[in-house]
Amino acid sequence: MNKMNPITQEEIDNLPQPPQEWIDDMKKRIDDMKNKKRQEIKSKLEELLTQFTDETNFNGGDEFYELHGADDFIKTLSSIKSRAKCILELKKLVRENKYKEGNMKGKKHVDWFWLMYSTNDIYHKLNECLKKV
C-alpha cells in the first residue's frame with residue numbers, strides 16, 4: 001500500500017503566499033458572482049411586484065393590493081435562493097397566509113388564495129426586500 005505522509009500544520013504555515021494578482025483575481029471573481037446573484041434576486045423581486053395591482057380606489061379608499069397569478073408568484077418566489085433575512089421573512093409571510101382549495105368538479109385542481117388584506121402585507125414586505133437588495 002502506498003501511504004502518503006500527512007502534512008503538518010507547521011508546513012502549512014510555512015507555505016509561500018500566492019501572488020497578489022491571484023488573490024485580486026479571486027476577490028474580483030467572488031465579487032462578480034455576488035453582484036450577479038444580487039441582480040438576479042432583484043430581477044425576480046421586480047417580477048413579483050408586477051403581479052400586484054393597486055385596487056385602493058375600488059376598495060372605498062382603503063389600501064388594497066390585489067395579487068394576480070398566485071401560482072406563478074409562489075413558483076418565482078420559491079426559485080429565489082437566498083438566506084437574506086428579508087427574503088426569508090417574505091417566504092414565511094406568504095407561507096403563513098396562503099391556503100389551498102382543491103377538488104373542483106371532480107378534478108384534482110389546486111389554487112392558492114390569500115385573505116384579502118394579507119396581500120397588502122406581502123406587497124409591502126416585497127417592496128422592503130427590493131430596497132435592501
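What percentage of the 133 residues in the protein chain do buried residues make up? In this predicted model, buried residues account for 26% of the chain.

**View 1. Overall arrangement of the protein chain.** The chain holds five helices and four strands, which follow one another along the sequence in the pattern α-α-β-β-α-α-β-β-α. Among contacts with a separation of 6 or more, 57% are made by residues 24 or more positions apart. The accessible surface of the chain comes to about 10,500 Å², and 52% of that surface belongs to carbon and sulfur atoms.

**View 2. The largest nonpolar core.** This core contains 21 residues, of which Leu-45, Phe-52, Phe-73 and Leu-90 touch the most other members. At least two core residues come from each of α2 (20–49), β2 (65–67), α3 (70–78), α4 (85–97) and α5 (118–132). In soluble globular proteins, nonpolar side chains tend to be buried together.

**View 3. Surroundings of Leu-90.** When residues up to four places away in sequence are not counted, Leu-90 touches Leu-45 and Leu-77, and also Ile-122, Lys-125, Leu-126 and Cys-129.

**View 4. The edge-to-face pair of Phe-52 and Phe-73.** The chain has three aromatic pairs. In the pair of Phe-52 and Phe-73, the ring centres lie 5.8 Å apart with the planes at 90°, and because planes over 60 degrees apart count as edge-to-face, the pair is assigned to that class. The two residues are 21 residues apart and link distant parts of the chain, with Phe-52 in strand β1 (residues 52–54) and Phe-73 in helix α3. Both Phe-52 and Phe-73 are buried.

**View 5. The stacked pair of Tyr-65 and Tyr-123.** The rings of Tyr-65 and Tyr-123 form a stacked aromatic pair, at 3.7 Å centre to centre and with 10° between the planes. Because Tyr-65 belongs to strand β2 and Tyr-123 to helix α5, this pair ties together parts that are 58 residues apart in sequence. Tyr-65 is buried, as is Tyr-123. Together with Phe-52 and Phe-73, these two tyrosines, Tyr-65 and Tyr-123, form one aromatic cluster.

**View 6. Thr-76 in helix α3.** Thr-76, which lies in helix α3, has a relative accessibility of 11% and therefore counts as buried, since the cut-off for that class is under 20%. With residues up to four places away in sequence not counted, Thr-76 touches Lys-44, Glu-47 and Leu-48.

Notes: Residues are numbered from 1 along each chain as its sequence is written. This is a predicted model: local features need pLDDT of at least 70, side-chain atom pairs count only at pLDDT 80 or more; totals for chains, interfaces and linings use all residues. Side-chain values use heavy atoms; hydrogens and water are left out. A nonpolar core is a set of buried Ala, Val, Leu, Ile, Met, Phe, Trp, Tyr and Cys residues joined through side-chain atoms within 4.5 Å. Buried means under 20% relative accessible area, exposed over 50%, partly exposed in between (1.4 Å probe, protein chains only). Contact means heavy atoms within 4.5 Å. Rings of Phe, Tyr and Trp (its six-membered ring) pair if their centres lie within 6.5 Å; planes under 30 degrees apart count as stacked, over 60 as edge-to-face and the rest as tilted. Accessible areas come from the Shrake-Rupley method with a 1.4 Å probe; for residues, only the protein chains shown count as cover.
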